[in-house]
Amino acid sequence: MKGGWFKVYAIGYLLFLYAPIILLPMFAFNDATVIAFPLSGFSTRWFSAMLEEPTLRIAVKNSLFIAVTSSVLATTLGIFAARASTRYRFPMKTGLMGLIMLPLVLPEIIVAVSLLVVLLGLGINLSLWTVILGHVLICTPFCIAILSSAFQSLDQSLEEAAYDLGESAASTFRLIILPLVMPGIISSLLISFTISLDEFIIAFFLAGTEPTLPVYIFSQFRFPAAVPVIMALGTVLVCLSILLLTIAEYFRRRGIAKSGGKDTGGFL
Amino acid sequence: MIAFQDVHKYYGEYHALRGITATIRAGEFFSLLGPSGCGKTTLLRTIAGFEGISSGAVMIDGRNMAGVPANQRPTNMVFQSYAIFPHLSVGENVGFGLRKARLPKAELAAKVAEALDMVGLDGYGDRAAHALSGGQRQRVALARALILKPKVLLLDEPLSALDKKMREQMQVELIRLQRQVGITFILVTHDQEEALVMSDRIAVMFEGEIAQLADPETLYRRPNSRKVANFIGTMNFLPAKILSETGGKIEIEAQGFGQLTLEAEQAPGAASGDGAAVGFRPETLTILFEGQTATDRESMATIEEVVYYGDMTYYDVRLDGTEKPIRISMRNVFGRPVLEIGERTRVTWSSGALVMFR
Amino acid sequence: MSAGQRWRNWRQTEAANGLLMVSPTAIYAILMLAAPLGTILLYSFLTDGYLKIIRDFTMSNYVEAWTNELYRTVMLRSLGVSMTVTFVTVLLAFPIAYFVSFHVEASKKSLWLFLITIPFWTSYLIRVFLWKVILGYNGVVNSSLLGIGIIDQPLDFILYNVNSVVITLAHAYAPFAILPIFVALEKIDRSLLEAGQDLGESKFRTFLRVTLPLAMPGVIASVLIVFIPTIGDYVTPQLVGGPEGRMVANLIQLQYLKLDNYPLGSAIAVSAMAIVTLVSVIFVGLNRRYLKGPK
């Protein structure tokens, strides 16, 4: 098998992967209400229409709030769990860590319905905060995966050296551990943010009456007239994701350079 | 000034330290020497406070260190990996321990500069810590520890990561540094040459116990067991029997040497299971060439193997009346012939160089 | 030693510190995950009453879930779809993982990975919707094929059925499938492969006898990573599945949000999870037996 055929396959595969996404800007700037070929002229009216939609504005605001809060909470919980798992041995460790990481293999709908049942049973009203509860649950395992790797590459003798030189546990954490795992923390925040922003099912089940972005998009799908605006929105979201990812990658490389490690290729 | 009083340590079922009792003097360069797994690093870490002990006491300057956490002990440590903080500069690393003292900037800078100067790194203050070589990192680690003027400096295999030339250089550096600063240095190493070169006294450890604690010369000339004898340098053994012991003198019968009278101090150890033997270092026997006369006693031997080393030649010879060959080391003198396998030669020796292992 | 002293001693141990450190996250998981999961397990054994749940223990929900032809069809269809998607996705993913690992130079590898995973970071909803656009009656595929002249009537079997669900899910989960295989391939010591060839084996045989077995842990991970979430996917069947393409998640949502029948919904959910666990365990077990490789 020569590299030649593989490359052809790879290019073909990439085309398959990007096919739907390439359509986004194509139809976002298309001067027509129907999503079909051939293309009409170039137009930015869908972007202006998008900016004027009031429900969209609220949905975006809500989703951003949920995403930021979820990512901060999930990263915090992730720091505790990752530190515990990489540094300490303790009873029931496998069981507890297994439970915490379980959302990775559970379909989201199971998480959504089980939380719904419990929250309603307890008489708690559905709101943005109930969505945050669900999002933190599914984001934390990702944070732990990223942060565990960051903590593990931390030389334990660095902490001991800080102790030996007179620092306390808290100041050691602040001066030595935190700066060195910061790239992991940033990656963790960005990944949780992205997951939360795009997550649909849990938001659908647990948001109550407040609009969130994915739910808003979902509700627009049955109006053919609204579709081009969704295309415009999608284009913006794609560019935003790529931007965030590039920033995450930049910080990751900078973090490695600052502490003189080696680049093992991608925080993935 | 550091005392171990019957220190035991268990890791679960594993008995890592078995009743360590020893005293380390102030201002000493002291080494803990032994093979991997003997407990030397564990013992060092109990001084630093990174390991607790199961029973007994660790005393520093008469004060029991039980319950005193590592960050409050009057000790500082140079770690095997040096543990230089990669995100700080060299100057920030060295000055790290003085953070709590909240010195004015100028004073801190002066102290850092002084410490760097002491280890031969003046001017390196602004360099990034992660861009240094191994030897430079070690110096930074030393400066960082010594700037705090600890009573004891602990060094955990500091030279094992360096190449041979760097190691020899640093050995001299460390001795010089210790004399200059005047505090107690405690070094952990598995390299017996290193320990012999640098230490005032050495504790040889096997399997959690101190086998022998003495200055290098005593360890070399009068090891108290075959294990210690074999660990430090090389030693020849020939079967021997103790005939009688009276008042400071010991009568022995040794293969190849015949019947001899030894001083009591030449049989320092207790009985081991290995069988009685007499031991002697390769350089304590001398091959006599044409025309040379014996300095003391003389025996005949047959050359079985010749190993040429440049400045030395090692001869494996079999003394008359023995079954196995023993090794003699001879400095090569310009113009002197190298003997051949099969040749018969005269060998001279003194009974004072022998060590009796019971 | 007093009880107080013993407590203080234990507090300082590694075990205590570890438990303390993990407790915020663990408590959260217990409250938000373990307890709710237990609750729906419980509900699956209760009876549905009008507007509330009657606390009568019964197996009738499970009986209903498995005997009702519609429900059974949907569950088996979900299983079938998921297995098809897994098979197709992993099969297509292997060559590209192999390509990036073996035929791309080291410095460009993270770039390729970056390119492969970008689509994953865009909105899933929108991607599914775009497939609807592509496969629709007036969609991209049909209008292009019509325009070129290959067909003269739009194809109608490519949307609103199982086919579209499979295509969409295969697209969505492709990056998930590629990464574990890539990681496993990267770990293979290249000198092993060279040794094989040095001993006279052809490249293909080296692949079969050395590369493939060593990559198996990655393939297994890949299979599980695709299989488990796809069986419970909601969005894709809802948007592009049509009435023939409904899967388990749509059924569950129906029972919970529309029909308010929590016990039945729970029974279906638990059944679905049981199927997933069973299949996964069988799969991993079979692999262990036949490959006797590392986990």
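The points below go through the chains, their contacts and a few local details.

1. Ground rules. This is a predicted model, so to speak of local features I need pLDDT of at least 70, and side-chain atom pairs count only at pLDDT 80 or more, while totals for chains, interfaces and linings use all residues. Residues are numbered from 1 along each chain as its sequence is written, and chains are lettered from A and ligands numbered from 1 in the order in which they are written.

2. Chain A overall. Chain A has eleven helices and zero strands (helices are DSSP runs of H or I with at least four residues, strands are E runs of at least two, and both are numbered from the N terminus). Read from the N terminus, the elements go α-α-α-α-α-α-α-α-α-α-α. The C-alpha atoms of chain A fill a box of roughly 70 × 60 × 40 Å along the principal axes.

3. Packing in chain A. Of the 268 residues in chain A, 46% are buried (buried takes 20 or more other C-beta atoms within 10 Å of a residue's own, exposed 12 or fewer, partly exposed anything in between, with C-beta atoms placed from the backbone). Among contacts in chain A with a separation of 6 or more, 77% link residues 24 or more positions apart (a contact means C-beta atoms, placed from the backbone, within 7 Å).

4. Who touches whom? Two pairs of chains are in contact, and chains A and C share the most contacts. Chains B and C do not touch, and their nearest C-alpha atoms are 11 Å apart.

5. The A–C contact. Here chain A puts in 61 residues and chain C 71 residues. On the chain A side, the elements giving two or more residues include helix H1 (3–28), helix H3 (54–87), helix H8 (169–198) and helix H11 (227–259). H1(A) gives the most, with twelve residues. By residue type, that side of chain A divides into 49 nonpolar, eight polar and four charged (nonpolar is Ala, Val, Leu, Ile, Met, Phe, Trp, Tyr, Cys and Pro; charged is Asp, Glu, Lys and Arg; the others, Gly among them, are polar).

6. The A–B contact. This one takes 17 residues from chain A and 18 residues from chain B. On the chain A side, helix H7 (156–164), H8 and H11 are the elements that give two or more residues. H7(A) contributes the most, namely six residues. The residue types on that side are seven nonpolar, five polar and five charged.

7. A covered strand in chain B. Strand E3 (residues 29–33) of chain B has five of its five residues buried. Phe29(B), Ser31(B) and Leu33(B) point one way, Phe30(B) and Leu32(B) the other, and all are buried.

8. E3(B) pairs with strand E8 (residues 184–189) of chain B in the parallel sense over five bridges (pairing needs at least two DSSP bridges between the strands). Phe29(B) has Phe185(B) as its bridge partner in E8(B). E3(B) also runs parallel to strand E9 (residues 201–206) of chain B, with four bridges between them. In this second pairing, Ser31(B) is bridged to Ile202(B).

9. An antiparallel sheet in chain B. Five strands form an open sheet in the order E13-E12-E11-E14-E20, with antiparallel pairing. Strand E13 (258–263) and strand E20 (355–357) of chain B are the edges, each pairing on one side only. Neighbouring strands are turned by 40 degrees against each other on average, direction ignored (axes are lines fitted to C-alpha atoms, and angles run from 0 to 180 degrees between N-to-C directions). Three bridges join strand E14 (residues 277–280) of chain B to E20(B), and Val278(B) has Met356(B) as its bridge partner there.

10. Chain C domains. Chain C is assigned domain 1 (1–43) and domain 2 (62–292), with bounds from an automatic or database domain assignment. The C-alpha centres of the two domains of chain C lie 37 Å apart.

11. A loop residue in chain C. Thr58(C) sits in the loop between strand E2 (52–54) and helix H3 (60–67) of chain C. Why does Thr58(C) count as partly exposed? Because 14 other C-beta atoms lie within 10 Å. Leaving out residues up to four places away in sequence, Thr58(C) touches Phe45(C) and Thr47(C). The C-alpha atoms of Thr58(C) and Phe45(C) are separated by 5.2 Å, with the two residues 13 apart along the chain.
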